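Here are my notes on this one, written as numbered points. Have the model open while you read.

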Amino acid sequence: MNHWRQRSSVDRMPERRTERDLDELWTLARMLEVDVDGGVLVGPDGQPVTAAPRGARREDDVLVGAWAGSPWFVRAVAPMERSLTRTWRELDEAWQQIAAVAVALVRWHAAAPPCEGCGGNTVPDAGGARRRCRACGALAFPRQDPAIIVAVLDVRDRLLLARQASWAPGRFSLLAGFVEPGESLEQAVWREVEEEVGISLTSVQYVSSQPWPLPRSLMFGFSARTAEERLSPDGHEIEQARYVEREELLRDMAGGQLSLPSSASIARHLIESWLAGTLPVPPAIS
């Protein structure tokens with residue numbers, strides 16, 4: 001997921017969103033079809049099916065932006081069979097940025113959020129970059145919910161992994177959670193770790209971020225250090241937690257006793273950076 005740290009490959013084209021511009025771009029565009037569950041239509045090769053737009057542009061056809069030399073629109077379609085779709089994170093890395101934007105916008109527009117000012121109905125505006133209230137004209141913009149995820153290291157440089165009861169047997173990941181009102185990102189890291197496994201941190205450091213449009217999160221990745229070795233999983237969100245050394249993690253993965261999140265996730269990026277010794281971390285505890 002290193003590409004999320006670089007400049008986006010998608011140009012949102014804010015200057016080309018008048019009705020006249022949109023009609024012109026429509027004649028040059030490519031289109032993705034995405035269902036409200038976030039599934040991207042793919043072909044037998046597992047790659048997204050794209051085509052020139054069909055017929056006239058509809059009000060709910062959303063301009064994603066310019067990508068790979070073409071303007072791209074996305075059209076919401078009825079839920080499709082799982083065998084016909086992939087989630088954005090299951091696509092090749094080259095497709096993930098454009099697909100993440102498309103999925104996030106389709107799901108937001110599908111919810112048709114009412115106006116926060118007067119409660120009136122809203123409709124897509126500016127090519128789907130926002131919504132406009134029919135009654136009072138107020139504008140609404142897509143929401144993203146901030147969440148944190150953290151690679152916690154102990155004094156022996158072991159990594160803290162945890163699992164939820166609902167996950168497949170043997171699957172582990174990092175601790176994560178949503179940021180609460182009136183809370184900074186760093187404060188959310190401290191709170192989530194204490195709530196979920198009962199330990200206090202000594203230091204926290206930001207690493208990188210990643211959009212996660214299912215449902216509509218923006219994941220902020222951190223590393224942290226702790227002086228505590230005794231873990232107390234809360235038994236609700238976290239069923240099991242353990243510290244692992246690098247050799248132990250690799251051995252358990254090779255033997256099938258342990259599995260990690262998908263390679264598209266920031267969780268996997270943080271874990272693999274720790275394995276490689278390249279994870280930015282706060283100063284060691286003295």
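1. By class, which residues make up the lining of the second largest pocket? There are 16 nonpolar, seven polar and four charged ones. Here Ala, Val, Leu, Ile, Met, Phe, Trp, Tyr, Cys and Pro count as nonpolar, Asp, Glu, Lys and Arg as charged, and the others, including Gly, as polar.

2. A word on what you're looking at: this is a predicted model, where local features need pLDDT of at least 70, side-chain atom pairs count only at pLDDT 80 or more, and totals for chains, interfaces and linings use all residues. Residues are numbered from 1 along each chain as its sequence is written, and side-chain values use heavy atoms, with hydrogens and water left out.

3. Back to that second largest pocket: its volume is about 590 Å³. Of its 27 lining residues, Ile-149, Trp-167, Ala-176, Trp-212 and Met-219 are the closest to the centre. Strand E11 (175-178) supplies the largest share, four residues. (A pocket is an open set of points on a 1 Å grid over the protein atoms alone, where a 1.4 Å probe fits, with protein on both sides within 12 Å along at least five of seven lines; lining residues have an atom within 4 Å of a point. Strands are DSSP runs of E, at least two residues, and helices are runs of H or I, at least four.)

4. The largest pocket holds about 700 Å³ of space. It has 31 lining residues, and Arg-12, Ala-100, Val-101, Ala-104 and Gln-144 sit closest to its centre. Helix H2 (93-111) gives the most to this lining, with eight residues. By class, the lining has 18 nonpolar, eight polar and five charged residues.

5. Now the inside. The largest nonpolar core has 44 residues, and Leu-159 and Leu-161 have the most contacts within it. H2 turns up again, with the largest share of this core, nine residues. (A core is a set of buried Ala, Val, Leu, Ile, Met, Phe, Trp, Tyr and Cys residues joined through side-chain atoms within 4.5 Å; buried means under 20% relative accessible area with a 1.4 Å probe, protein chains only.)

6. Last, an open sheet of three strands runs in the order E6-E7-E8, with antiparallel pairing. Strands E6 (122-125) and E8 (139-140) each have a single partner strand, so one side of each is left without a neighbour in the sheet. E7 (residues 130-133) pairs with E8 over two bridges (DSSP must find at least two for a pair), and Arg-132 stands opposite Leu-139.

Key
Grid points are joined across faces, edges and corners, and a volume is the space filled by probe spheres set on the points. Buried means under 20% relative accessible area, exposed over 50%, partly exposed in between (1.4 Å probe, protein chains only).
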